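Subject: Structure handover

Hi,

Here is the structure for your files. My notes follow below it.

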Amino acid sequence: MSQAKVDRYKEEKANRKKTMKKEKQLRIISTICTTVVCAVIVGWIGYSAYGYFRNGDTNAAASRTEVNVDALNDYLSGLQTADSEE
């Protein structure tokens, strides 16, 4: 082995505990962040579903709306008479 490799190995060996501690901390932080993000997503989906189904109950008693289509019927009957005249 060259002297540079030996020196690098000794330096890595001396800092191995620090390096392992940092890696462990990063792994723990990553796990916590992932768990929080998943919990937020699940909570959001649950809240949205609750709101959707809750609003579905109020729509059951919807009011009835009537539409006046007399003008449309007059227009269509006028088109039919124009076609029959040609």
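Below are the model basis, the fold, the surface and the aromatic rings.

This is a predicted model: local features need pLDDT of at least 70, side-chain atom pairs count only at pLDDT 80 or more, and totals for chains, interfaces and linings use all residues. Residues are numbered from 1 along each chain as its sequence is written, and side-chain values use heavy atoms, with hydrogens and water left out.

Fold first. The protein chain has three helices and zero strands, where helices (H or I, at least four residues) and strands (E, at least two) are DSSP runs numbered from the N terminus. The order from the N terminus is α-α-α.

The protein chain has 86 residues, and 0% of them count as buried (under 20% relative accessible area; exposed is over 50%, partly exposed in between; 1.4 Å probe, protein chains only). Its accessible surface is about 8600 Å² (Shrake-Rupley, 1.4 Å probe; for residues, only the protein chains shown count as cover). Carbon and sulfur atoms hold 59% of that surface.

Leu79 sits in helix H3 (residues 70-85). Leu79 is partly exposed, at 38% relative accessible area.

Now the rings. There is one aromatic pair (Phe, Tyr or Trp rings, the six-membered one for Trp, with centres within 6.5 Å; planes under 30 degrees apart are stacked, over 60 edge-to-face, the rest tilted). The ring centres of Tyr52 and Phe53 lie 5.3 Å apart and their planes stand at 75 degrees, so the pair is edge-to-face. Tyr52 and Phe53 are both exposed.

Best regards
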